[in-house]
Amino acid sequence: MISLENHIILITGASSGIGAACAKIFSAAGAKLILVARRKERLQELGETLRLDSTQYHLLELDVSDRSAVEFAISNLPPAWSNIDILINNAGLSRGLDKLHEGDIQDWEEMIDTNIKGLLYLTRFVVPGMVTRAKGHIINLGSIAGHQTYPGGNVYCGTKAAVKAISEGLKQDLLGTPLRVTSVDPGLVETEFSQVRFHGDTERAQKVYQGLTPLTPDDVADVIFFCATRPTHVNINQVILTPVDQASATLVNRQS
Ligand code: NDP
Ligand code: 8X3
């Protein structure tokens, strides 16, 4: 296991769920965090909860789907924060569970702009520095939804299939460098994900996890941390993890 002491980890979507859990486990290992999200107050609260001081974390209030804002934010990082060692492309969302021919086009655009374009922008502006320094690891949050499509999942599943292809393509393009690329692809994880999907309908969101024990954000962060701490010659390309009660995107064992 390699030490991450003083390594700089940029985590997108750190204001909630899996991203916040990553902040917790990486900071406990002595890493320095760049926390990215649109809700800055949530990031501030996270920094306070983790008892971090200003040398240990740097906040970026940023919409990852805004290309020029991403370029500006990354190229204007303070020198102490600019040599990013690990990029965790975690920011993402689903919107709706409609049939494709009845879907809300604005929902589609938000998913495509965040899950695909946002991940690409961060990658495009962070990875060149990693190549120059001959050091770095890009960890993308895919999903079981990128491997199997489920009814109503259409565009969300398409964005995660794109993450799978982009992760594979990046690994190929970085062959010959010491950089590592990993895609971590969970099944059901209880976070704000379903509330966002159903536009704040909490009752509907809770039903997604009813009658089974879903993964927790910490379960996923553990796996991400494991991938990040392997010896430098080891590249974990892809991990699919699900709750014991889930066998595929559509096959779930519920008690009630
Ligand atoms: P949450 O809704 O709890 O967290 C999503 C995070 O993404 C928030 O911090 C949110 O921050 C951030 N985010 C969303 N849009 C943007 C944006 N445009 N710019 C910057 N940040 C943004 O969900 P999860 O923790 O579950 O999701 C994290 C990742 O894991 C996503 O990519 C998701 O697709 C993936 N995933 C989730 C699964 C699940 O079952 N929960 C399973 C498989 C994969 P803010 O709103 O403050 O900007
Ligand atoms: C999130 C998992 O199955 O709800 O990516 O799409 S699922």
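Because the model is predicted, local features require pLDDT of at least 70 and side-chain atom pairs count only at pLDDT 80 or more, whereas totals for chains, interfaces and linings use all residues. Residues are numbered from 1 along each chain as its sequence is written, chains are lettered from A and ligands numbered from 1 in the order in which they are written, and side-chain values use heavy atoms, with hydrogens and water left out.

The protein chain holds eight helices and seven strands. These elements are DSSP runs, numbered from the N terminus: helices are H or I with at least four residues, strands are E with at least two. The radius of gyration, taken over C-alpha atoms, is compared with a globule rule of 2.2 Å times the number of residues to the power 0.38. For 256 residues, a compact globule would have a value near 18 Å; the protein chain has 18 Å, which agrees. Its C-alpha trace spans about 50 × 40 × 35 Å along the principal axes.

Burial was assigned from relative accessible area (buried under 20%, exposed over 50%, partly exposed in between; 1.4 Å probe, protein chains only). Of the 256 residues, 50% count as buried. Accessible areas come from the Shrake-Rupley method with a 1.4 Å probe; for residues, only the protein chains shown count as cover. The protein chain exposes about 12200 Å², and carbon and sulfur atoms supply 50% of that area.

Contacts are defined by heavy atoms within 4.5 Å. Among contacts between residues at least 6 apart in sequence, 73% join residues at least 24 apart.

Charges were counted with Lys and Arg as positive and Asp and Glu as negative; His and the chain ends are not counted. Each charge is placed at NZ of Lys, CZ of Arg, CG of Asp or CD of Glu. The protein chain has 23 positive and 28 negative side chains. The centres of the two sets lie 5 Å apart.

A pair of aromatic rings is described by the distance of the centres and the angle of the planes. Rings of Phe, Tyr and Trp (its six-membered ring) pair if their centres lie within 6.5 Å; planes under 30 degrees apart count as stacked, over 60 as edge-to-face and the rest as tilted. The count comes to two aromatic pairs. In one, the ring centres of phenylalanine 26 and phenylalanine 225 are 5.3 Å apart and the planes stand at 70°, so this pair is edge-to-face. Phenylalanine 26 belongs to helix α1 (residues 17-28) and phenylalanine 225 to helix α8 (residues 217-228), so the pair ties together parts that are 199 residues apart in sequence. Phenylalanine 26 is buried, at 0% relative accessible area. Phenylalanine 225 also counts as buried, at 13%.

Tyrosine 156 and phenylalanine 193 form an edge-to-face pair, with 5.4 Å centre to centre and 65° between the planes. Tyrosine 156 sits in helix α5 (residues 154-173) and phenylalanine 193 in helix α6 (residues 193-197), so that distant parts of the chain, 37 residues apart, are linked. Tyrosine 156 is buried at 6% relative accessibility, whereas phenylalanine 193 is partly exposed at 25%.

Backbone angles were examined next. Most residues other than glycine have a negative phi. Asparagine 6 has a positive phi of about 65° although it is not a glycine. Asparagine 6 lies in the segment before β1 (8-12) and counts as exposed at 52% relative accessibility. Histidine 199 likewise has a positive phi, near 50°. Histidine 199 is placed in the loop between α6 and α7 (202-207).

Threonine 114 is found in helix α4 (residues 105-133) and is buried at 13% relative accessibility. Leaving out residues up to four places away in sequence, threonine 114 touches Val64, Ser65, Ala91, Gly92, Leu93 and Leu119.

Serine 65 lies in the loop between β3 (57-61) and α3 (67-75). Serine 65 is partly exposed, at 25% relative accessibility. With neighbours within four places in sequence set aside, serine 65 contacts Asp113, Thr114, Gly118 and Tyr121. Serine 65 and isoleucine 116 are 51 residues apart in sequence, with 8.7 Å from C-alpha to C-alpha.

Leucine 122 also lies in helix α4 and is buried at 0% relative accessibility. Beyond residues up to four places away in sequence, leucine 122 touches Leu10, Thr12, Val64, Val70, Ile74, Leu87, Asn89 and Val127. The C-alpha atoms of leucine 122 and glycine 158 are separated by 20 Å, at 36 residues apart along the chain.
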